[in-house]
Amino acid sequence: MPNPIDSLFMAMCTAGASDLHLTCGMPPLVRKDGSMTPLDPNAAPLTPEAMVALLEPIMPEKNRHEFSEKHDTDFAYEIHGLARFRANIFQDRKGRGAVFRVIPSEILSAEKLGLSPAILGLCRLHKGLVLVTGPTGSGKSTTLCAMIDYINRERKDHIITIEDPIEFVHENKGCLINQREVHNHTESFRAALRAALREDPDIVLVGEMRDLETVAIAIETAETGHLVFGTLHTTTAASTVDRVIDQFPTDRQAQIRVMLSESLRGVIAQNLCKKIGGGRVAALEVLIITPAISNLIREAKTFQIPSMMQVGKAVGMVSLNDALFDYVQKKLVTPEEAYSKAVDKSGFEAQLKRANIQVKVATEKPAGATP
């Protein structure tokens, strides 16, 4: 018998939304194409009692205990034939709340996502560290999933994934894949990563490199002849290198810098943009680690990486500005939307000006300025 909440998930998938938000005192809301909107304009606000009735039946026993102790918990929920959902249940001042992210049952292939030959080249490596970065909800999981699926189809290797929770479910194709869920199948990312070294893997996917020790083991694993994929919450490829090094105490940074310069193979930093006419598209910044980039990392000159990326286009490097500019030229994204996602805004504005593309930028008046 279906759970009461299943009808909301069905409606959410029919609407093409990415997230379902449940909050006491509000009707169910969804995020569609990046904006929050009611799932049903006529729905009544949720009461604390209604919230408990919706959430209790789908929470595993372990998560009920965790929620009663810590007031938030994560798990995955699946409706066969529809999708999997990544769930976060939390307590706020009005009562329980929940956010569900839809994980489609169909894996988007590298071909469907349009991943570049340079990114597919990273999937053919036999050792090294590859990082996929971006803000929360920028589609990192989808990109990583497509890369793992590509490896699964093209190679005959052993892949171990460590996730919290497991999102996309991979069937064994060319590869043997073991998917481990933190808190369910292993105590933590770092415990699973340590254990992975004794499990004869060729490729290891670390769902989140949250703490210093996980980052350190991931770099060591990449150095010992394994291909390691990981995610971080950084906005640009160059800042990713700094973030990894800055996590370590000052006395270890020089050593980590050398290790990273030798093991890092590529960084994909992504941002989701609203498409003209609905839907979203990911702008990917791609940093491929060449000997020249490796030297910059070793010598602590990461500030020079963006200019090196401009001369590295031949090997598949793409700056975020160029990726955004390409979408504007193809009329996939408005100049204003692309400008809002650009990190180097002045450089992007200059790029648009050179192409005679107008962008309406809301400039803030300084306090006290006369109107």
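**Reading burial, contacts and charge**

Student: Does T221 count as buried or exposed?

Tutor: T221 counts as buried because its relative accessibility is 1%; buried means under 20% relative accessible area, exposed over 50%, and partly exposed in between (1.4 Å probe, protein chains only). This is a predicted model, in which local features need pLDDT of at least 70, side-chain atom pairs count only at pLDDT 80 or more, and totals for chains, interfaces and linings use all residues. Residues are numbered from 1 along each chain as its sequence is written, and side-chain values use heavy atoms, with hydrogens and water left out.

Student: Where is T221 placed, and which residues does T221 touch beyond four places in sequence?

Tutor: T221 belongs to helix 8, residues 212-223 (helices are DSSP runs of H or I, at least four residues, numbered from the N terminus). Not counting residues up to four places away, T221 touches L193, L197, H226 and V228, where contact means heavy atoms within 4.5 Å.

Student: How many salt bridges does the structure hold?

Tutor: Side chains of opposite charge can pair when their charged atoms come close. The structure holds 21 salt bridges, each being a side-chain nitrogen of Lys or Arg within 4 Å of a carboxyl oxygen of Asp or Glu. One of them joins E66 to K70, with the closest N and O atoms 4.0 Å apart. These two residues are separated by about one helical turn because they stand four residues apart in helix 3 (residues 61-70). K70 counts as exposed, at 55% relative accessibility. Another salt bridge links D322 and K313 at 3.2 Å between the closest N and O atoms. Salt bridges with shared partners also join E56, E61, R64 and R96 into one network.

Student: What is found around K140?

Tutor: K140, in helix 6 (residues 140-154), is buried yet has no salt bridge. The nearest side chain of opposite charge, E208, is 7.5 Å away (Lys and Arg count as positive, Asp and Glu as negative; His and the chain ends are not counted). E208 forms a salt bridge with R210, the closest N and O atoms being 3.3 Å apart. The side chain of K140 instead reaches the backbone oxygen of G134 at 3.0 Å.

Terms used
A polar contact is a pair of N or O atoms within 3.5 Å; within protein, one must be able to donate a hydrogen and the other to accept it, and residues adjacent in sequence count only if both atoms are side-chain atoms.
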